[in-house]
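Here is a short briefing on the structure shown below. Read it with the coordinates open.

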Amino acid sequence: MTSTARPSAGTLAPPTSPVVAVRYADGVLWAIDQTELPWRERDLKLTDAEEVAAAIKRLAIRGAPLIGVAAGYGVALELMSDPRPEALDRACALLREARPTAVNLARAVDRVAGAAAAAPSGERADAALHEARAIENEELAASDAIARHGAELLAHASRILTHCNTGALAAPGRGTALAVIAELAVRGTLSEVIATESRPLLQGTRLTAYELSRLAIAHQLIVDSAAAGLIASGAVDAVVVGCDRVAANGDVANKVGTYGLALAASAAAIPFVVAGPTSTIDEDCPSGDGISIEERDPDEISSVGGRRLAPPGTPCRNPAFDVTPAALVTALVTERGIAQPVTTDSLLALKQ
Ligand code: MRU
């Protein structure tokens, strides 16, 4: 793996231009290294499944739909260099294990591997690449449709609070929840975005603020613990977040802290809206209890910016996601339409 600075490094792109987080060309997956944003816009050059899995694991590539897309290309890249079935199995296992919560990743790996396995032996890499491209194009189209549906639902919400990063850095196109927000800005009904910093890896501070600046959308950054008080004070019209996995009953796994935002929104009687493609709905997982929650390195919370702050030996627990019960979700906005209320039946109707 190598990395290359983007030509535009250090400068802001023209407003309304979303960043392109991953791009496949000629046997290489180029991915902006999100761990370096917003300080450096540097592309990683990824050429096999192992490199793609490592980039996903350390969150250089992140966001549920985007890790699915990248993993699909990871399978194809591996088959280009080693067409043996054992190589395919190894690549799939590596990619699947990179992160457990977002269902998009395992689904994309299975889909691309299935397409390769069904192809004649000399055409497996081509079949895998074709399928990986199909997944990327589907997510791209989904982003636009989610933006439109979400903007119609939230036409009367002008101050929106969002969590983590759900824009072009998290999904092809304009993203999911941030795509809705960007569409509201285009339609002229948005006055302000309140973005949480999203501890411990600060996707809100580093990535959402970066994207909103590029899009010239007015925003304010807050510490995560300020959100409930601001919502209670009447400063927020709606909370809009993304999702990593939606169980069959509508329970939603998303970035840790989402559940608290849903409780605060419910107490203040404002909408709590989740936006995501139907590829994030896991109909094989009956409820949130069945969702595997990623536990990350405790050092991510005991240290800040590479400097250790907690006393040596402090025990830390670092779940990266939490589960919000369906009853607290006002609506789930997908590319196929809106589930409202969010129930087993309304999700089934969307998936059919
Ligand atoms: O750990 P991350 O940064 O991959 O977490 C991302 C999120 O939780 C997003 O809200 C989610 O993937 C939706 S992305 C469109």
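An oxygen atom of the ligand sits 2.8 Å from an N or O atom in the side chain of Q203. This comes from a predicted model. The protein is divided into domain 1 (2-141) and domain 2 (145-351).

**Ligand site**

- There are 18 residues around the ligand, and R62, R99, Q203, N254 and K255 come nearest.
- The side chain of D244 places an N or O atom 2.9 Å from a ligand oxygen.
- G63 takes part through its backbone: a polar backbone atom is 3.1 Å from an oxygen atom of the ligand.
- On its own the ligand has 410 Å² of accessible area, and the protein covers 100% of that.

**Domains**

- The C-alpha centres of domain 1 and domain 2 are 23 Å apart.
- Their contact draws 36 residues from domain 1 and 38 residues from domain 2.

**Nonpolar cores**

- The largest nonpolar core holds 49 residues, and L29, I56 and I61 have the most contacts inside it.
- Helix α2 (residues 64-81) supplies the largest share of this core, with 11 residues.
- Both domain 1 (2-141) and domain 2 (145-351) give residues to this core, so it lies between them.
- Leaving out residues up to four places away in sequence, I61 touches V22, A31, Q34, L46, A55, I56, L66, I67 and A70.
- Another core lies apart from this one; it has 26 residues, including C243, I270, F272 and V342.

**Helix α1**

- Helix α1 spans residues 49-57, and its buried residues are A49, E51, V52, A53, A55 and I56.
- The cover over these buried residues includes β3 (28-32), β4 (42-46), α2, α3 (85-96) and α4 (103-117).
- D48 caps the N-terminal end of α1, with a side-chain oxygen 3.2 Å from the backbone nitrogen of E50.
- L59 follows α1 and has a positive phi, near 65°.

- P200 lies in the loop between β6 (192-196) and α7.
- The peptide bond from R199 to P200 is cis, with omega near 0°.
- L202 lies in the loop between β6 and α7 as well.
- Phi of L202 is positive, near 60°, in a residue other than glycine.
- L202 has 22% relative accessibility, so it counts as partly exposed.
- T205 is found in helix α7 (residues 203-214).
- T205 counts as partly exposed because its relative accessibility is 28%.
- Beyond residues up to four places away in sequence, T205 touches T196, E197 and L221.
- T205 and C164 are 41 residues apart in sequence, and their C-alpha atoms are 8.4 Å apart in space.

**Other backbone features to check**

- The peptide bond from Q340 to P341 is cis, with omega near 0°.
- P341 lies in the loop between β17 (337-339) and α11 (344-351).
- A269 lies in the loop between α9 (258-267) and β11 (272-275).
- Phi of A269 is near 55°, a positive value in a residue other than glycine.
- A269 counts as exposed because its relative accessibility is 68%, and the cut-off for exposed is over 50%.

Methods: Residues are numbered from 1 along each chain as its sequence is written. This is a predicted model: local features need pLDDT of at least 70, side-chain atom pairs count only at pLDDT 80 or more; totals for chains, interfaces and linings use all residues. Side-chain values use heavy atoms; hydrogens and water are left out. A nonpolar core is a set of buried Ala, Val, Leu, Ile, Met, Phe, Trp, Tyr and Cys residues joined through side-chain atoms within 4.5 Å. Buried means under 20% relative accessible area, exposed over 50%, partly exposed in between (1.4 Å probe, protein chains only). Helices (H or I, at least four residues) and strands (E, at least two) are DSSP runs, numbered from the N terminus. Domain bounds come from an automatic or database domain assignment. Contact means heavy atoms within 4.5 Å. A residue is near a molecule or strand if one of its heavy atoms lies within 4 Å of it. A polar contact is a pair of N or O atoms within 3.5 Å; within protein, one must be able to donate a hydrogen and the other to accept it, and residues adjacent in sequence count only if both atoms are side-chain atoms. Accessible areas come from the Shrake-Rupley method with a 1.4 Å probe; for residues, only the protein chains shown count as cover.
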